[in-house]
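Me: I would like to go through the terms used for this model and see what each one rests on. Please set each value against its cut-off.

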Amino acid sequence: MVTGLHSFFRRLILTLAGNRLVTRLVSRYGMRLGARRFVAGEDWEQAVVQVKALNDSRMSTTLDYLGESVTDTAQARAARDTYLALLEKIDASGVRASVSLKLTQMGLDISRELCVENVGAIVRKAADLGNFVRIDMEGSAYTQVTIDIYRELRRDFDNVGLVIQAYLYRSEEDVRSLAGLRPDLRLCKGAYLEPADVAFPRKADVDENFKNLIALNLGQGGRTAVATHDEKIISWTEAYIRENRVPKELYEFQMLYGIRPALQRRLADAGHPVRIYVPFGTEWYPYFTRRLAERPANVLFFLGNLLRR
C-alpha cells in the first residue's frame, strides 16, 4: 500500500511539474523557498564553496551544470563552453571534483553530430587536465543513443563514464553488453516517469534489479558507483563489498547534494569512497521537481518553507 501511494504521489508531482503556472511560480520563488537545499547555487562562485566544504569532510564531488532539452545550437555550444571553463576552474582551484552532463544539454535533440562534437570537446579537455566526465542518463527514449555515444567516445577516451537506471527492464542486458569496455558505471534507481512496459512499476523489483546490477558490474571488473540514499541498498552493498573483498578503487557511494547529509558523513567516516553530486546553475527547475517526486519528505520541506513566508 505504501509503495502504491508513493508511486501515485511521484506521478502526481511529475505531472504537476509540467503545468505552466506551477513552472512559473516555482521557477520564480523556488530558490528562496527551499530549492537551495538541493541546488548548490546558480554560479561557480556559489557552488565551489559547497564543494570545498564537502572535500573538507573527506568527500569527492561531481559538478553538474544544470540544463537539458536544448533545442538551439547556440545554446548547446554555450553549455559546452561553460563545461570547458568549468574544467579549467576545477583545475585551478584544486578542489576534488569531476563533471557530469546530459546529452540533450549538448544538442542531442538538434543533431547527433552536434552532440558528439560538443561532448567530445569536453571529454578531451577533461583528459588533458586529468579529470573525468560522467554522461547522465535521461528518459528511456534516450537510453540507446546515450549508450551508443558512450561507446563511440570510449574508442578514444578512458575518462568517461555512464549512468544506468535500475528501474528499466533492459538495464541488465545493457550492463552485460558493456562488459568488454570495463565501464565506469553510475548505477541508480531512475527518476523519470516511465510506463510499465519499459520500467518495473514495483519498488521491490527495482531494488532487486539494483542489487543485481551492482553485483554484475563489479563481477565483470567494472568500476561501480552506487548512487542511492536507500539505507537497505547501502547496507547490502557494504556487506557485498566486505564479503567479496572489493577494493576501494572499484567502487564508491554516490549521493545527491542536500539529501541525507548525516548518512553521507557516516559512509565517509567508515572509510568508504563517497562522492556527492553537486548541481548548480540557473536551469534548476526540472532537477528540483525530480527531487521533490522522490520522497514525500522533500515536498513537506518545500511546503514548510512556503507556509513560513
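Me: Why is E208 called partly exposed?

Reply: Its relative accessible area is 48%. Buried means under 20%, exposed means over 50%, and partly exposed is what lies in between (1.4 Å probe, protein chains only).

Me: What makes K211 buried?

Reply: K211 has a relative accessible area of 19%, which is under the limit for buried, so the term applies.

Me: Where do these values come from, and how are the residues counted?

Reply: This is a predicted model, in which local features need pLDDT of at least 70 and side-chain atom pairs count only at pLDDT 80 or more, while totals for chains, interfaces and linings use all residues. Residues are numbered from 1 along each chain as its sequence is written, and side-chain values use heavy atoms, with hydrogens and water left out.

Me: Why is the contact between E208 and K211 called a salt bridge?

Reply: The term needs a side-chain nitrogen of Lys or Arg within 4 Å of a carboxyl oxygen of Asp or Glu. For E208 and K211 the N to O distance is 2.9 Å, so the pair qualifies. The two residues are 3 apart in helix α8 (residues 203–219), which separates them by about one helical turn. By this rule, 20 salt bridges are counted.

Me: How do you know that E231 and R260 form a salt bridge, and what parts of the chain does the pair link?

Reply: Their side chains meet at 2.4 Å, N to O, and that is within the limit, so this is a salt bridge. The pair links distant parts of the chain, 29 residues apart: E231 is in helix α9 (residues 231–243), and R260 is in the loop between β7 (251–256) and α10 (261–269). E231, at 40%, and R260, at 25%, are both partly exposed.

Me: What joins E252 to R275?

Reply: A salt bridge, with the closest N and O atoms 2.9 Å apart. This pair also links distant parts of the chain, E252 in strand β7 and R275 in strand β8, 23 residues apart. Both residues are buried. Salt bridges with shared partners join R134, D184, R223, E252 and R275 into one network.

Me: Why are β1 and β8 called paired strands?

Reply: Strands are DSSP runs of E (at least two residues) and helices are runs of H or I (at least four), numbered from the N terminus. Two strands pair if DSSP finds at least two bridges between them. β1 and β8 (residues 274–280) run parallel and are joined by 6 bridges, so they pair. One of the partners is R275 in β8, bridged to S60. β1 and β2 (residues 97–101) pair in parallel over 4 bridges, with T62 standing opposite S98 in β2.

Me: What makes strand β1 largely enclosed?

Reply: Of its 6 residues (60–65), 5 are buried, so the rest of the structure largely encloses it.

Me: What is meant by a nonpolar core, and which residues of the largest one touch the most other members?

Reply: The term covers a set of buried Ala, Val, Leu, Ile, Met, Phe, Trp, Tyr and Cys residues joined through side-chain atoms within 4.5 Å. The largest has 72 residues, and L63 and L162 touch the most other members. A second, separate core has 10 residues, among them V39, L66, L256 and F288.
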